[in-house]
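Subject: Handing over a structure

Hello,

Here is the structure I promised to pass on. Please open it first, then read my notes beside it.

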Amino acid sequence: MADVTLTIDNKQVTVPAGTLVVDAAKRAGLDVPVFCYHPKLEPAGMCRMCLVEIGRPMLDRATGKPVLDEAGEAKIQFMPKLETACTNPVSEGMVVKTQLTSEKARAGQKGTVEFLLTSHPLDCPVCDKGGECALQDLTMAHGPGQSRFLFDEKQRLAKQLPLGELIWLDRERCIQCARCIRFQDDIAGESVLGFEERGRMMQIVSMSEPGFDSIFSGNTTDICPVGALTTSDFRFGARPWELNAAPSICAQCPVGCNLTFNTRREAKADGQIVIKRVMPRQNEQVNEIWMCDKGRFAYHYVESEKRLTRPLMRRDGKLAKVSWKAALDLAAEKLSEHKKNSVTLVSGRLSNEDLYNLNIFAGKTEAILYTDMGGGDLTSLVGVSDGTNIGDMGKGDAILVIASDLYNEAPIWWLRIKAAAERGATLIVAGGRAAKLDRFATFTIRYAYGDEIKTIEDLGGKSKIAEAFRKAENALIFYGSDGLGLAGSTSLAAACANLLKETNHIGRRNNGLVGVWPRVNDQGAWEMGFRPTADLAEALKGKAVYIVGADPAGDDPALAKALKSAKFVVVQDISMTATAELADVILPAQPHTERAGTFTSGERRVQRFYPVVPAFGESRPDFSITAQLARQMGIILEGSSLPIVFDFIAHSLPAFDGLNYDRLAEVTEQWPMVGRGDMYYGGTTYENKDGLGAHLSSAAQRGETFKLPAAKNVKPLRPKEGELLAVPVTQLYDLGNTVASAELLAQRIGAAAISLHPETAGKLGAADGETVKISWNGSQSEVRVRTDEGLAAGVALVPRSFGIALREPMTLTVKPAKKVK
């Protein structure tokens, strides 16, 4: 857009046309106070705090040109009344007078604050928002020193009202700015909050069941300008000025949201430094200033009672605490003894540095990635390139989401892709069932489970949808494993990669393939050379097994059985898991909150995380443990300096070429400008001072020659009469080791449940909500039945990480279920 030049407080400012006056002032380093306005939300003009004087050039009605004064300057005509800076876009020659140069504006803002205080409680000393409250700050700057209103005339409303189990409302503190409502309507797309009553009696209410039913609810507490909205996790827990801030990365999904952990030393924790809350940290190319509730509230696993504090070794059939030397000596001895018959099994919870050391340690033995999703080798070839930003995509671009329920698997991607569609991008959503993203899609494709490859092949044809994708200036494909296992997702990735290459959507920014992985650093594991195996149970049987950051026994009884037959098992993890209970040696590791390192997101962006709290017990970083174990076996690995390990990675892998810790820590100016100095503008989101990360290069971007594999046609399973097609799906809140310990999320997690069409449930003799016992892949489970008319008859959605061992879609014989008494 063309630039516009205006004058604000005698300072000439040039900004893009369409910029609001409040934002133009911000860009010029001049702050206009606000309550209801937020740079990420559509303006509402509700609070009137941003009142300013605005003058515009007088125009000759005949010619449309400015009327000039004797000096040849345009005559400026001011409106008789103050105007809101948050609803007025700039125009050429405009003159603005803020509270800095206008007594009239100062009086208007003083009056606004005074009226807001007429019904606001005087409870700043006990308010959770104290110290980061916009009303508190602006009252000090613009409010009266003494109230002219009677204290007894203040409103008396509910002080502790739960909108849901995660968010509490203090109605007396609410100033009706509607930021929370507008966030839920405009950004989250979940209209679960609203106003009731009018005037002075207007109040925020939840309009959903269960209350405040949104996975983005915590963001409303960040942008609330007062202490009206607080989280169950933090309220009455600490004062903001007591907290220290440590930058980190969310480890719950492949998005890699930038976070800030707030910590303090607590007497009730025996003087230990503990995490008090998790806040978003701005990165406009990743999570902007938002985060989902899973990332905000599921961090408690790092302080679980199951945390491992010392090495353990099996003696006389029981695990006993031993020294690090004893544990490493035995582990090294046994792994060396069975070196030619050993397996190293890792997961994507580990950092890049951990995985690099582990891959070298594994050497020529089997190095297996614990995942049921394939295709990471293809994202390295045709993945997104440097500069990719979903926030830049709009009209003329296309995004295809296939076999992925982003709302449950990667919520912030769901949020950002929804926004891209609203900006005009062509959004194609293809899946075997209805998804929340469907209502924002330009085209929706519903296929039968098993027809994923055919769906992609059809997009290479001449249909209207295919043409829209082919002609797009830029195109991204997000593929997942909804209803798929390892073989199916690997074939789907190949089909997607070939489609992108055929349509020339590789090797450029905002083009390429993105895997919606189950773990934060699965992409990093692929980059380091780890690969999954089709038959993990067979790979583990009779071997010496080194398992790092994975819990196969907790996920699948068949894998637990295979581990019991292993010759020797070394488990390296942060908590006592079902797999650890089967180990001969257990090595306690540190979670990402107690150490530094890097993760590679699904968009192949490498980002640094930093230590948040001191190490727990005698636990050590995974890369260091592996190096110490390797040294015992005659293998030299770097085990003390993470930057050196990363330098080895950068010199060894072409995708990492040119990267180092300093580059990952670089920051550039971002818009909107948020920070702790003017929280009334951007909320309590933390400014990013510790690194925006950097993209890996893809083989296509580097100009390398490569041949993509053809997609293998897997014969689709079709349930016959009397059979049930069970397919694995992902739920946001599950019983995985990193979520189950979060008591706040217990209601959201719920019990294990399978989703069936009502007709299918009827054949099983089960009604919606009933708990039944079913036989499942050689085991039995108690599950709750959910009915969904949007599902195909004969299909069952089976959630992962709920104790039901289903890693691949399969056809089962339907038998009447026995109800649990």
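**The second largest pocket**

Helix 11 gives the largest share of the lining of the second largest pocket, five residues. Helices here are DSSP runs of H or I with at least four residues, strands are E runs of at least two, and both are numbered from the N terminus. This is a predicted model, where local features need pLDDT of at least 70, side-chain atom pairs count only at pLDDT 80 or more, and totals for chains, interfaces and linings use all residues. Residues are numbered from 1 along each chain as its sequence is written, and side-chain values use heavy atoms, with hydrogens and water left out.

Back to the pocket. It holds about 1,000 Å³ of space. A pocket is found on a 1 Å grid over the protein atoms alone: it is an open set of points with protein on both sides within 12 Å along at least five of seven lines. A cavity is a set of points where a 1.4 Å probe fits but cannot get out. Lining residues have an atom within 4 Å of a point. Grid points are joined across faces, edges and corners, and a volume is the space filled by probe spheres set on the points.

The second largest pocket is lined by 30 residues, and the closest to its centre are Pro 39, Lys 40, Leu 41, Glu 42 and Arg 423. Helix 1 (21-27), helix 4 (179-187) and helix 11 (411-422) each supply at least two lining residues. By class, the lining has 14 nonpolar, four polar and 12 charged residues. Nonpolar means Ala, Val, Leu, Ile, Met, Phe, Trp, Tyr, Cys and Pro; charged means Asp, Glu, Lys and Arg; the others, Gly among them, are polar.

**Cavities**

The whole structure has six cavities of 30 Å³ or more. Two or more lining residues come from each of helix 5 (219-223), strand 11 (229-231), strand 14 (272-280) and helix 6 (293-297). The lining divides into five nonpolar, four polar and seven charged residues.

**Helix 8 and its two partners**

Helix 8 (residues 352-362) packs with helix 19 (residues 622-632) at about 20 degrees, with the axes 8 Å apart. Axes are lines fitted to C-alpha atoms, for helices over the stretch in contact, and angles run from 0 to 180 degrees between N-to-C directions. So helix 8 is roughly parallel to helix 19. Angles under 35 degrees count as roughly parallel, over 145 as roughly antiparallel, 65 to 115 as roughly perpendicular and the rest as oblique.

Helix 8 also packs with helix 20 (residues 642-652), at about 65 degrees and with the axes 9 Å apart. Helix 8 is therefore roughly perpendicular to helix 20. The contact (heavy atoms within 4.5 Å) uses Asn 352, Glu 353, Tyr 356 and Asn 357 of helix 8, and Leu 642, Val 645, Phe 646, Phe 648, Ile 649 and Ser 652 of helix 20. These residues divide into six nonpolar, three polar and one charged.

**Backbone details**

Which peptide bonds are cis? One runs from Glu 209 to Pro 210, with omega near 5 degrees. Pro 210 sits in the loop between strand 10 (203-206) and helix 5. Another runs from Trp 671 to Pro 672, also with omega near 5 degrees.

Best wishes
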